[in-house]
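The overall chain is treated before the local details.

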Amino acid sequence: MGRRPSRAGEPRLSPPPHPQREVRRARAEMNFENQSLLVPLFGQFDANLVQVENRLSVFISARGDKVMIEGPEDSVARARDVLQAMYDKLALGQDLDEGAIEAIIAMTNEPTLDGIIKGRRAGEDDGPPIMIRTRRKTIVPRSAVQAHYMRSLSRDDIIFALGPAGTGKTYLAVAQAVAQLISGSVQRLILSRPAVEAGEKIGFLPGDMKEKVDPFLRPLYDALYDCMPPEQVERHIASGVIEIAPIAFMRGRTLADAFVILDEAQNTTREQMKMFLTRFGQNARMVIAGDPRQVDIPGGDRMSGLADAVEKLEGIEGFGTIRFTSADVVRHPIVGRIVDAYEGTGE
């Protein structure tokens with residue numbers, strides 16, 4: 001396999017040592033048995049290796065099934081763990097893209113990296129895998145918190161998922177809902193969110209009520225289409241097996257035999273949240289996802305039904321609470337830095 005043209009003939013440059021202490025350098029060699037996985041492991045023009053090099057400040061050379069890693073001792077150890085995790089992911093038949101590699105790199109600081117990548121609980125080598133299977137893909141956790149969240153999704157009756165955008169709160173909930181619909185554990189999926197107006201009244205938007213509120217519900221549609229074939233999604237929506245509606249449409253109902261997701265829950269009022277929670281019926285499961293720092297309703301944080309509900313219900317049997325941070329963002333790495341920048345200002 002040829003190396004990337006842009007690196008041909010480049011001298012290996014070693015970073016200057018730290019003025020206070022000498023940086024210990026190391027070299028590690030890795031062998032990969034399944035050569036059919038080397039092309040997706042390395043990436044087109046070795047793009048995956050370049051990504052690891054750039055993020056961890058190491059030099060990686062590949063010859064046949066052997067990979068040599070050189071650089072600072074700590075970085076070489078991390079790069080070795082990352083490459084092994086990437087290989088293990090491919091060996092399990094899972095996809096490997098830029099986002100997945102970035103998540104693996106971020107998780108090299110986690111003590112349970114091996115358990116997360118393999119989808120198993122720490123200390124339980126023979127335990128069941130932590131994964132969600134849908135019609136279109138198999139989803140595994142990309143961080144320790146996601147692993148905790150996925151276990152909660154399969155165990156708890158009502159789950160509060162709190163944290164910034166891009167951490168997988170809604171996506172994983174929709175994936176779990178689809179998996180349970182496929183298995184027959186539930187008969188319906190009900191996806192909801194408050195239709196909070198941002199600067200314009202929805203009454204001025206063209207179309208009927210569905211057309212007015214659909215833009216607010218688009219993220220839920222996107223997650224569904226990623227987990228199920230589009231024609232199947234449309235068929236289930238038409239038959240009522242999948243219902244996507246604003247929270248106001250939940251009033252007066254009992255939601256039984258259903259997987260119910262409330263997205264953007266920080267924008268519910270206390271009255272709306274109480275109404276929604278009390279819709280819970282037999283053989284139901286609820287996920288309430290939101291970012292407590294992004295409240296858009298009048299009155300701000302003090303009027304948010306999400307914070308109020310968590311305060312009242314956290315710790316009660318049957319409830320699970322999962323808190324994500326910017327470190328768990330699995331979109332482009334810059335999203336995590338944006339979250340950090342805004343959270344640091346307290347805005």
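1. A contact here means heavy atoms within 4.5 Å. Among contacts in the protein chain between residues at least 6 apart in sequence, 70% join residues at least 24 apart. The model is predicted: local features need pLDDT of at least 70, side-chain atom pairs count only at pLDDT 80 or more, and totals for chains, interfaces and linings use all residues. Residues are numbered from 1 along each chain as its sequence is written, and side-chain values use heavy atoms, with hydrogens and water left out.

2. The protein chain contains 12 helices and 11 strands, taken as DSSP runs numbered from the N terminus (helices: H or I, at least four residues; strands: E, at least two).

3. Of its 347 residues, 46% count as buried, that is, under 20% relative accessible area with a 1.4 Å probe, protein chains only.

4. The axes of helix 2 (residues 47-56) and helix 3 (residues 73-91) come within 10 Å and cross at roughly 150°; these axes are lines fitted to C-alpha atoms over the stretch in contact, with angles from 0 to 180 degrees between N-to-C directions. The two helices are therefore roughly antiparallel, a term for angles over 145 degrees.

5. On the helix 2 side, N48, L49, V52 and L56 meet S75, R78, A79, V82, L83 and M86 of helix 3.

6. S152 lies in helix 6 (residues 144-153). Why does S152 count as buried? Its relative accessibility is 1%. Beyond neighbours within four places in sequence, S152 is in contact with I159, G320 and I322.

How values were computed: Buried < 20%, exposed > 50% of the residue type's maximum accessible area, 1.4 Å probe, protein only. Parallel < 35°, antiparallel > 145°, perpendicular 65-115°, else oblique.
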